[in-house]
Amino acid sequence: METARRLQKIPPYLFMELRKKINQAKSDGVDVISLAIGDPVEATPASIIDELCRTARDPQNHRYPTDEEKGMLALRREIARWYARRYSVELHPENEILGLIGSKEGCHHFILARVNPGDIVLMTDPGYPAYRASILMGEGVPCNVPILAQNDYLPVLEDIPSDVAKKASAMFLNYPNNPTGACATMGFLNKLVAFARQYDIAVCYDNPYSEIVFDGQERISFLQAPGAKDVGIELNSFSKPFNMCGWRIGMACGNPDLIAGISKVKENTDSGIFNAVQFAAIQALTGETGFIEEMLSIYGRRRELVLKTLQKIGIDFQPPRGTFYLWAPAPKGMTSLEFTNRLFDKTAVVVAAGTAYGQYGEGFIRISLTVPDDRLKEAMERIEKEFT
Ligand SMILES: *Cc1c(COP(=O)(O)O)cnc(C)c1O
């Protein structure tokens with residue numbers, strides 16, 4: 001059976017070869033440690049789980065979700081309070097907030113709601129691979145904007161040719177950035193709003209790591225920039241700050257027309273989020289009394305350990321201050337893939353090659369800090385032994 005052409009355009013998963021090798025090694029009894037995937041291993045806070053269990057017993061919640069595709073108003077109100085408290089951003093729960101089944105879903109439905117076939121959609125290289133897939137499934141034309149270390153991994157908007165910008169109807173951005181860990185500045189966000197306004201580009205600012213920042217880095221929302229709501233939305237998520245990746249809940253906030261468009265797509269696609277998960281999310285927002293800080297101190301400790309180990313083997317760099325990833329240069333004279341392969345073959349430690357995120361990821365690897373401390377320690381010991 002032939003599948004649709006739009007699926008054939010989606011590039012093959014770059015980890016495929018590696019995954020084959022990993023499975024082979026595991027079946028040969030090798031103790032593989034994967035630092036390749038960003039998915040917190042510590043449990044979701046108990047109060048959130050309790051709220052899920054309590055509300056799951058109420059038959060009212062077994063019906064289609066309240067307010068269906070929008071998410072229940074009680075949740076949207078709590079999201080508004082969270083954005084006011086954490087980011088000093090004012091949002092109207094009625095028309096500027098939408099519940100999502102995770103931020104990834106939002107990326108996909110944003111494209112369906114905004115992009116016409118053949119429109120250019122800007123995204124960064126390196127960048128989160130799901131953006132490209134969403135653009136292609138929505139029949140848009142992905143266009144990479146390089147983000148480079150010398151520009152603090154922020155795109156240089158002036159360098160985007162104006163004929164490209166004119167044909168673009170949307171743009172994905174993500175800071176704190178996966179994979180580089182870079183954070184945005186207010187100066188950049190102000191420029192972004194002006195750029196989007198000039199070319200009528202809808203910004204989809206994907207911000208699931210807004211809470212995961214280190215070394216005094218401020219928490220930043222795109223919606224803090226004056227005029228941001230005129231040109232775009234911000235996606236956020238419960239996955240990363242509350243260790244809720246498997247729960248599938250997030251939100252879109254900002255431009256009311258885009259929110260209404262995405263809502264229309266969802267109304268005809270998924271009918272919204274299980275009520276009990278929404279009640280649990282309300283508990284996460286209202287009951288946050290230090291869980292995120294605790295996680296940050298755990299990630300901070302792991303960051304130090306990895307940085308120290310890399311330093312010992314001659315890789316010395318100043319890491320950006322966001323996300324639970326470390327974007328580290330490969331040793332001199334080695335490509336990303338050579339380094340990841342050598343790490344795997346000699347130490348059975350798996351890291352992501354920078355090139356999995358785009359051609360400008362060459363020369364880097366991404367190390368995830370979402371592994372138990374003892375496993376990370378073991379991985380670092382093996383690396384130190386192999387490379388010194
Ligand atoms: C993890 C991640 C997501 C997915 O978040 P969900 O809310 O779990 O769908 C989206 N964007 C980026 C950049 C991510 O790293």
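The model is predicted, so local features are given only at pLDDT of at least 70 and side-chain atom pairs only at pLDDT 80 or more, whereas totals for chains, interfaces and linings use all residues. Residues are numbered from 1 along each chain as its sequence is written, and side-chain values use heavy atoms, with hydrogens and water left out.

**The strand**

Select residues 364–368, which form strand E12 (strands are DSSP runs of at least two residues, helices H or I runs of at least four, numbered from the N terminus). Of its 5 residues, 5 are buried, that is, under 20% relative accessible area with a 1.4 Å probe, protein chains only. Display the side chains: Phe 364, Arg 366 and Ser 368 point one way, and Ile 365 and Ile 367 the other. In a regular strand, side chains alternate between the two faces of the sheet.

Trp 327 stands opposite Arg 366. Strand E11 (residues 352–353) is also antiparallel to E12, over 2 bridges, and Ala 352 has Arg 366 as its bridge partner.

**The domain boundary**

Colour domain 1 (5–43 + 290–387) and domain 2 (46–288) separately; these bounds come from an automatic or database domain assignment. Their centres, taken over C-alpha atoms, are 26 Å apart.

Finally, select Arg 303 and Asp 215, which form a salt bridge with the closest N and O atoms 3.8 Å apart. The term denotes a side-chain nitrogen of Lys or Arg within 4 Å of a carboxyl oxygen of Asp or Glu. Between the domains, 2 salt bridges are counted.

Key:
Buried < 20%, exposed > 50% of the residue type's maximum accessible area, 1.4 Å probe, protein only. Pairing = 2+ DSSP bridges.
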